[in-house]
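Please look through the sequence and the model shown below before reading on. The paragraphs that follow lead from one part of the chain to the next.

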Amino acid sequence: MKRPRLVAGLALAVLLVGAFVVSPAAVVSHATWVAADPVRLVVAVSLLALVRPLLAWPTTLLALIVGYGLGPIGIPFALALIVLTSIPPFIFARRFRGTSRLAEVGEQTVAITGSVRGVTASRLLPVPSDVVSVAAGVANVRLGAFALGTALGELPWAIAGVVAGTSVETLTTDSLQAIVRPEFVALAALAGCALLVPPAYRRYRAGTEA
């Protein structure tokens, strides 16, 4: 019991240190040089996707840089990166989930919504990506269902990020604000809630009829 808590504590410490020591602005400041060469861009952003969870950066930053360098054709690549960067925190949480009330609640929730639907809806809600990844891991979601749900739920955010990156002449951290416009967030959240309503209602009906 002590080992999972120790590992989780160390991981949190690394995450907090990374978030303070390195900022998205430091990466964005080199975006023009990176984007000048497509091969260099692919390699650099792929490496960034691997370390992003340790730095607690938004996943849409990847889509923003891809859009800036590759334009609209980079949407599939940006989506693949977002799925890739979501897997490490998911696997970590799944590996050290242990047995707790939180894990039980997560499994019960997945049983009601379904793995793919639950992950997809969670990705559409305005919740930090890594929080969703960790919650899915704690709920013991299968990796395949997690990856598919992440791809479906993050697709609108990937498109928005790439479009935002394509539309700017100079990439800055302020460009992220173009992705999280209130109306877009509201529509995505509405779609996420709409996905959760049918299974929740079926469960409610089953409970009242029992």
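Predicted model: local features only at pLDDT ≥ 70, side-chain atom pairs only at ≥ 80, totals over all residues.

Residues are numbered from 1 along each chain as its sequence is written, and side-chain values use heavy atoms, with hydrogens and water left out.

The chain has eleven helices and zero strands, where helices (H or I, at least four residues) and strands (E, at least two) are DSSP runs numbered from the N terminus. Of the 210 residues in the chain, 37% are buried; buried means under 20% relative accessible area, exposed means over 50%, and partly exposed lies in between, with a 1.4 Å probe and protein chains only. Among the contacts in the chain with a separation of 6 or more, 80% are between residues 24 or more positions apart, contact meaning heavy atoms within 4.5 Å.

To return to α5, this helix is mostly covered, since nine of its eleven residues are buried. The buried residues of α5 include Leu 62, Ile 65, Val 66 and Tyr 68. A UniProt annotation from an unreviewed entry, "transmembrane region", covers residues 60–87; UniProt positions are given in the numbering used here, feature names are shortened, and such annotations may be inferred rather than shown by experiment. Over residues 60–87 the chain is 86% helix and 0% strand, and the end C-alpha atoms of this stretch are 15 Å apart.

The largest nonpolar core has 26 residues, and those that touch the most other members are Val 45, Leu 62, Ile 65, Leu 81 and Ile 179. A nonpolar core is here a set of buried Ala, Val, Leu, Ile, Met, Phe, Trp, Tyr and Cys residues joined through side-chain atoms within 4.5 Å. At least two residues of this core come from each of α4 (38–55), α5 (60–70), α6 (75–95), α10 (143–167) and α11 (182–209), and α5 gives the most, with six residues. When its neighbours within four places in sequence are left aside, Val 45 is in contact with Leu 62, Ile 65, Val 66 and Leu 81. Apart from this core lies another, of eight residues, among them Phe 90, Val 110, Val 119 and Val 141.

Val 45 belongs to α4, where Leu 41, Leu 48, Ala 49, Arg 52, Pro 53 and Leu 55 are also buried. The 18 residues of α4 should span 26 Å at 1.5 Å a residue, and its end C-alpha atoms are 24 Å apart, which agrees; the expected span is 1.5 Å times one less than the number of residues. Within α4, a kink of about 40 degrees lies at Ala 49, shortly before the proline Pro 53, the bend at a residue being the angle between axes fitted to the seven residues ending there and the seven starting there. Just after α4, Ala 56 takes a positive phi of about 60 degrees.

Both Pro 53 and Ala 56 are in contact with Asp 130, as are Arg 52 and Pro 89, with neighbours within four places in sequence left aside. Asp 130 has its place in helix α9 (residues 129–138), and it counts as buried because its relative accessibility is 18%. In the loop between α9 and α10 lies Asn 140, which has a positive phi of about 65 degrees although it is not a glycine. Asn 140 is partly exposed, with a relative accessible area of 34%.

The helix α10 has 25 residues and reaches 34 Å from its first C-alpha to its last, close to the 36 Å expected at 1.5 Å a residue. In α10 a kink of about 45 degrees lies at Glu 154, shortly before the proline Pro 156.

In helix α11 lies Leu 196, which is partly exposed, with a relative accessible area of 27%. Leaving aside neighbours within four places in sequence, Leu 196 is in contact with Thr 113 and Ala 121. Thr 113 has its place in helix α7 (residues 101–113) and is buried, with a relative accessible area of 15%.
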